[in-house]
Amino acid sequence: MLLLVGHAYADEPEPKNPEEVKVPTVIDCRYDHHDEGEVSEAFPSDDVFRPLMADPKQPQFFAIWQQSRARADNSSFSLGSVAIGENFGFYTNRKGCNGWQVGLLTGVFAQFDLDETNAALINTDFNVGVPLSWRSGNWSARLRYYHQSSHLGDEFLGSHPEIKPSSFILEEAEGILSYDYRWLRFYGGAAVLVHREPSTIDRTRVQWGFEARAPSMRTRILEPFLNRLIVTPVLSGDFKSHEELSWIINTNVLGGFEWSRTGSRRHFRIMVTYFHGHNPYGPFYNQKIESIGVGAYFTF
């Protein structure tokens, strides 16, 4: 229905609302490319590297319901997974969208057992680090160093006395190289653990993936409450392979629709999710799971 409504308005020759003509063009270097104008400024509102849409540990805002299955005993359970986080730019130097930027990343990732009446907290990961991003034309890259500490929920520990509280701390250096080709994006990179507790965890991993963004379309399905809306079908897959896990591939695939508004850098997505591999959160990295769900994602 969204596609049909979007197409119905995609070719409208003239805006009927005079206010639409006055909307300024906003360039967001995460999604747009241009090479005009030199900028050196503090606290930029965008970035020269687009965040990895399907990376489970990408600092962002989301809320996901998932039906999961533990592959060891084939038991199923419902999860609520939420995240609060963002990359905050401190300084950028660029010509158009080509240049570099340094910032601060923070992220909180929490999982809740929805089969419990009080939706017991299972685990929370706290991330903080420094990302350095770069772009030249269709090529972009991100280097980042970040710290993660994980904490199990008290209610979860109370109902699982066999699990003993222990430190789970990671500090990782990561590099990702990305290439945009028309409506496709491909990326790949590697990471090494500089510090880890427990110290027996192997250090290295590799990561790769893709993003596909179909042409955006105008839609007025939510007018008059929200005008100047644009909808974009999106599909993304992220793949990680850890030395600690014998290089078995963890797969996370997202697909759905992204809404944005003319003159704004904010994006809202409704996505169907599928995960197959080892649990990406907290000290459960040895747990093999398979999940399917639906979630809301917010980009600022």
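A residue is called buried when its relative accessible area is under 20%, and in this predicted model both Phe62 and Tyr297 are buried in that sense. These two residues also form an aromatic pair of the tilted kind, with 5.4 Å from centre to centre and 45 degrees between the planes. Phe62 belongs to strand E2 and Tyr297 to strand E14, so that the pair links distant parts of the chain, 235 residues apart.

A pair of aromatic rings is described by the distance of the centres and the angle of the planes, and the count for this structure comes to 14 aromatic pairs. Among them is the pair of Phe43 and Phe90, which is likewise described as tilted, with 6.4 Å between the centres and 55 degrees between the planes. Because Phe43 lies in the loop between strand E1 (38-42) and E2, while Phe90 lies in strand E3, this pair ties together parts that are 47 residues apart in sequence. Phe43 counts as exposed, since its relative accessibility is 55%, whereas Phe90, with a relative accessible area of 39%, is partly exposed. Elsewhere, ring pairs link Phe257, Trp259, Phe268 and Phe298 into a cluster.

Aromatic rings also take part in arrangements with charged side chains. The charged end of Lys57 sits over the ring of Phe109, at 5.6 Å from the ring centre, and Arg185 lies over the face of Phe49, with a distance of 4.9 Å to the centre of that ring.

Rolling a probe the size of a water molecule over the atoms shows where empty space is left. A search of the whole structure in this manner finds 5 cavities of 30 Å³ or more, and the largest cavity has a volume of about 460 Å³. The lining of this largest cavity is made up of 29 residues, of which Leu170, Arg205, His242, Pro280 and Tyr285 are the closest to its centre. At least two lining residues of the largest cavity come from each of strand E6 (139-152), strand E7 (169-181), strand E9 (204-213), strand E11 (229-242), strand E12 (249-261) and strand E13 (267-278). When the lining of the largest cavity is sorted by class, it is found to hold 11 nonpolar, 9 polar and 9 charged residues.

The second largest cavity holds about 240 Å³ of space. Its lining consists of 22 residues, and those nearest the centre are Pro56, Ile64, Gln66, Asn252 and Tyr281. Two or more residues of this lining are given by each of strand E2 (61-70), strand E3 (75-95), E12, E13 and strand E14 (288-299), and the largest share, 4 residues, comes from E2. By class, the lining of the second largest cavity divides into 12 nonpolar, 9 polar and 1 charged.

The loop between E2 and E3 is the place of Asp73. With a relative accessibility of 55%, and therefore over the 50% that marks an exposed residue, Asp73 counts as exposed. The side chain of Asp73 is joined to that of Ser75 by a polar contact of 2.7 Å. Asp73 and Gly256, by contrast, are 183 residues apart in sequence and 31 Å apart in space, taken from C-alpha to C-alpha.

Key. Residues are numbered from 1 along each chain as its sequence is written. This is a predicted model: local features need pLDDT of at least 70, side-chain atom pairs count only at pLDDT 80 or more; totals for chains, interfaces and linings use all residues. Side-chain values use heavy atoms; hydrogens and water are left out. On a 1 Å grid over the protein atoms alone, a cavity is a set of points where a 1.4 Å probe fits but cannot get out, and a pocket is an open set with protein on both sides within 12 Å along at least five of seven lines; lining residues have an atom within 4 Å of a point. Grid points are joined across faces, edges and corners, and a volume is the space filled by probe spheres set on the points. Ala, Val, Leu, Ile, Met, Phe, Trp, Tyr, Cys and Pro count as nonpolar, Asp, Glu, Lys and Arg as charged, and the others, Gly among them, as polar. Buried means under 20% relative accessible area, exposed over 50%, partly exposed in between (1.4 Å probe, protein chains only). A polar contact is a pair of N or O atoms within 3.5 Å; within protein, one must be able to donate a hydrogen and the other to accept it, and residues adjacent in sequence count only if both atoms are side-chain atoms. Rings of Phe, Tyr and Trp (its six-membered ring) pair if their centres lie within 6.5 Å; planes under 30 degrees apart count as stacked, over 60 as edge-to-face and the rest as tilted. A charge sits over a ring if NZ of Lys or CZ of Arg is within 6 Å of the ring centre and within 35 degrees of the ring normal.
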